[in-house]
Amino acid sequence: MSERFADPDFGPADVAVETGLSLRYVQKLFTARSSTCSRFINSARLERAVFLLKRRSLMKTGQPIREIALASGFGDYAHFNRTFRRKFGHYPSFLLQHPK
């Protein structure tokens, strides 16, 4: 999963195929940890986005946030913004002003 999470089409069914497990069993494994496979994938994508946003800010590259969203595995920019805000309490642009 750590190698494919940036593919916007990658999801729980792909995890099942690549691990040789049934989709239902993959879901059960995540449920046992009070999570979901999709949540885990989104979390990895968000961590990557945070890294890229901080790097953009520190290196002053000017890379568009939309491009960072795509590079992190989000195929939809609006979904990226909503998901980011839900997890961190602010929009991605906040990190550009506060890169700590």
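The model is predicted: local features need pLDDT of at least 70, side-chain atom pairs count only at pLDDT 80 or more, and totals for chains, interfaces and linings use all residues. Residues are numbered from 1 along each chain as its sequence is written, and side-chain values use heavy atoms, with hydrogens and water left out.

**Nonpolar cores**

- A nonpolar core is a set of buried Ala, Val, Leu, Ile, Met, Phe, Trp, Tyr and Cys residues joined through side-chain atoms within 4.5 Å. Buried means under 20% relative accessible area, exposed means over 50%, and partly exposed lies in between (1.4 Å probe, protein chains only).
- The largest nonpolar core holds 12 residues, including Leu46, Leu53, Ile65, Phe74, Phe80 and Leu95.
- At least two residues of this core come from each of helix H3 (37–59), helix H4 (65–71) and helix H5 (77–88); helices (H or I, at least four residues) are DSSP runs, numbered from the N terminus.
- With five residues, H3 gives the most to this core.
- Leaving aside residues up to four places away in sequence, isoleucine 65 touches Leu53, Tyr77, Phe80, Pro92, Ser93 and Leu96; contact means heavy atoms within 4.5 Å.
- There is also a second, separate core of nine residues, among them Phe5, Phe10, Ala16 and Ala44.

**Helix H3**

- H3 has 23 residues and reaches 33 Å from its first C-alpha to its last, close to the 33 Å expected at 1.5 Å a residue. The expected span is 1.5 Å times one less than the number of residues in the helix.
- Lysine 60 follows H3, and its phi is positive, near 50°.

**Salt bridges**

- The structure holds two salt bridges, each defined as a side-chain nitrogen of Lys or Arg within 4 Å of a carboxyl oxygen of Asp or Glu.
- In one of them, arginine 4 pairs with aspartate 7, and the closest N and O atoms are 3.5 Å apart.
- Arginine 4 is partly exposed, at 29% relative accessibility, and aspartate 7 is partly exposed at 27%.
- Arginine 4 also forms a salt bridge with glutamate 18 (2.0 Å, N to O).
- This pair links distant parts of the chain, 14 residues apart: arginine 4 lies in the segment before helix H1 (12–19), and glutamate 18 lies in helix H1.
- Glutamate 18 has a relative accessible area of 47% and is partly exposed.
- Through shared partners, the salt bridges join Arg4, Asp7 and Glu18 into one network.
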